[in-house]
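Reader: I have a two-chain model open and want to go through its architecture. Can we take it in short questions and answers?

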Amino acid sequence: MGFDLAFALSCAPIILGAVGTTLFVAFVSCVGAASIGFLFEMVRRMCGVAGAMSGFAIDFIRSTPVLIWLYFLYFVLPFYGIRLGSMTVGVMGLSLYYSGYLAEVFKAGIDAIPKGQPEAARALSLGRRDTVFYVIAPQMMRNIAAPLGNYFVSILKATPYLAVLAVPEMLGRAFDIASETYRYAEPLVVAGLIFLALALVISYGVKRLERRLLAGGTR
Amino acid sequence: MHAQSDPIVGIQGLHKWFGALHVLNAIDLTVASGTRVVVCGPSGSGKSTLIRCINGLESYQEGALRLAGTTLGLDARGTAAARRQTGMVFQSFNLFPHLTVLSNCTLALRRVAGKSRSEAEDIAMAHLERVRIPEKARSYPGQLSGGQQQRVAIARALCLNPRIMLFDEPTSALDPEMIKEVLDVMVALARDGMTMVCVTHEMGFAREVADQVGFMDGGSILDRAPARAFFRTSGHPRSPLSLETILKH
């Protein structure tokens with residue numbers, strides 16, 4: 001069975017119809033993963049029990065498969081009375097899973113800031129929160145724009161996992177077509193090409209952002 | 001009032017250890033308002049640690065350190081309030097590289113002193129003029145020379161209107177031709193009556209502005225004298241030798 005270009009083109013609008021869902025899930029998961037990851041890293045930097053627990057959570061999350069997280073949230077939580085929609089579970093699962101990785105990225109970005117920076121902030125009597133917000137976070141962003149962008153692309157490419165929860169994203173749509181027509185090549189290639197295009201656009205955006213963040217030289 | 005006659009910095013029997021290393025050993029030092037103290041000594045002698053203790057960047061284990069009427073290290077809020085009376089200038093400038101010169105100066109004014117943007121910018125510009133660099137207000141630190149960056153750092157520290165300025169080897173990271181522009185600013189500051197504690201090897205500067213000069217080695221102040229006497233004769237066998245080397249160099 002050869003590759004039928006006309007059939008592929010007819011698949012395209014159907015699969016593209018799910019691009020909104022894919023992008024929405026990816027975007028919310030990126031924001032969620034970055035927020036949770038940053039929080040994890042900030043707590044890990046505190047000494048004492050909270051810091052140790054946060055460090056353990058980061059390692060725990062990174063050492064377990066994302067599919068287990070998704071299935072666990074989807075199938076096990078309802079036994080405890082927590083019933084969530086498949087989209088919510090999907091976003092939560094991806095956010096939690098990638099928060100562990102992003103915490104590591106944030107750590108590298110913060111470790112690269114010279115220790116004179118927080119010291120200068122302290123000497124100027126800036127509070128903890130102001131120091132994080134005005135001194136640490138912006139410099140961290142300059143250091144990690146590239147790896148952060150890579151993880152955002154990874155999150156986008158992880159959205160097909162949500163097909164197992166019947167979230168109507170692009171891979172799910174492609175499977176729907178395949179199961180109706182018994183043709184796999186065309187819908188899968190189309191879905192793959194759309195992901196490729198989206199990833200390229202994001203990478204380009206990240207590169208531009210990085211250049212803007214580095215305006216004015218490094219130090 | 002009593003607070004007025006109280007010296008701005010009063011240090012008695014200060015000890016500090018980094019693990020087994022005894023970095024500060026029985027330090028006594030009093031800085032009266034409106035006076036300048038210069039601390040010199042070989043590297044590793046504890047002089048940077050001492051000046052960092054004065055504004056609470058470093059803690060200490062024994063003795064007492066009073067800053068602006070508050071004993072540091074008792075409670076975090078008191079220490080923070082006393083630190084607000086200080087301005088600090090670092091060897092490596094430590095300007096915020098992602099902010100313009102002007103924003104470097106206005107950040108604490110806006111977030112700590114609660115000034116509006118325009119108020120903060122007026123104050124910052126006045127201090128940038130004082131260090132003779134107002135034309136660089138919109139530049140980023142990375143676009144400035146070392147001497148210019150250090151002058152901005154001085155302006156930034158002055159913005160919160162400190163009662164005492166602490167300088168931790170402010171010219172040690174500078175190329176020789178840039179040292180003078182920074183020292184000129186510091187001398188002008190001293191002439192304006194600013195209380196200063198300065199860790200430096202610039203003996204010309206010490207001779208010009210210092211009221212007291214202290215020589216540190218091995219965590220102790222070995223020798224201390226009013227500046228004039230210090231440069232004429234120095235009591236400790238280690239210090240004249242070091243000074244001679246420093247002065248020749």
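Reader: Is the crossing of α4(B) and α6(B) left-handed or right-handed?
Author: This is a predicted model. A crossing counts as right-handed if the near helix is turned clockwise from the far one by less than a right angle. For α4(B) and α6(B) the crossing is right-handed.

Reader: At what angle do α4(B) and α6(B) pack?
Author: Helix α4(B) covers residues 101-111, and its axis lies 8 Å from that of α6(B). The packing angle is about 25°. That makes α4(B) roughly parallel to α6(B), because angles under 35 degrees count as such. The angle asked for is about 25°.

Reader: Which residues of α6(B) meet α4(B)?
Author: On the α4(B) side, V101(B), N104(B) and C105(B) take part. By class, the contact has four nonpolar, one polar and one charged residues. From α6(B) come V152(B), A155(B) and R156(B).

Reader: Which strands does α6(B) touch where it packs on the sheet?
Author: Helix α6(B) spans residues 146-158. Its direction makes about 170° with that of β6(B). The strands touched are β6(B) and β7(B), the latter at 164-168.

Reader: What is the strand order of the open sheet of six strands in chain B?
Author: The pairing in this sheet is mixed. Its edge strands are β6(B), at 86-89, and β10(B), at 220-226, and each pairs on one side only. The twist averages 15° from one strand to the next. The order is β6-β7-β8-β3-β9-β10.

Reader: Which residue of β9(B) stands opposite V39(B)?
Author: Strand β3(B), residues 36-40, runs parallel to β9(B), residues 212-217. Four bridges join the two strands. Opposite V39(B) stands G214(B).

Reader: Which strands stand at the edges of the sheet of four strands?
Author: This open sheet of chain B has the order β2-β1-β4-β5, with antiparallel pairing. Each edge strand has a single partner, so one side of each is left without a neighbour in the sheet. The edges are β2(B), at 21-31, and β5(B), at 70-71.

Reader: Which residue stands opposite L67(B) in β5(B)?
Author: Strand β4(B) covers residues 62-67. Two bridges join β4(B) to β5(B), and the two run antiparallel. The residue opposite L67(B) is T70(B).

Reader: What is the radius of gyration of chain B?
Author: Chain B holds ten helices and ten strands. Its radius is close to the 18 Å that the globule rule gives for 249 residues, so chain B is as compact as a globular protein of that length. The C-alpha atoms fill a box of roughly 55 × 45 × 40 Å along the principal axes. The radius of gyration is 18 Å.

Reader: How many helices does chain A have?
Author: Chain A has zero strands. Along the sequence, the pattern reads α-α-α-α-α-α-α-α-α. The C-alpha trace of chain A spans about 70 × 50 × 25 Å along its principal axes. The helix count is nine.

Reader: Which helices of chain A each supply at least two residues of the side that touches chain B?
Author: In all, 19 residues of chain A are in contact with 21 residues of chain B. The chain A side divides into seven nonpolar, seven polar and five charged residues. The helices asked for are α6(A), at 116-123, and α7(A), at 128-158.

Technical notes:
Residues numbered from 1 in each chain as written. Chains lettered and ligands numbered in written order. Predicted model: local features only at pLDDT ≥ 70, side-chain atom pairs only at ≥ 80, totals over all residues. Pairing = 2+ DSSP bridges. Axes fitted to C-alpha atoms, helices over the stretch in contact; angles between N-to-C directions. Contact = placed C-beta atoms within 7 Å. Parallel < 35°, antiparallel > 145°, perpendicular 65-115°, else oblique. Nonpolar A, V, L, I, M, F, W, Y, C, P; charged D, E, K, R; others polar. Rg over C-alpha atoms; globule rule 2.2 N^0.38 Å.
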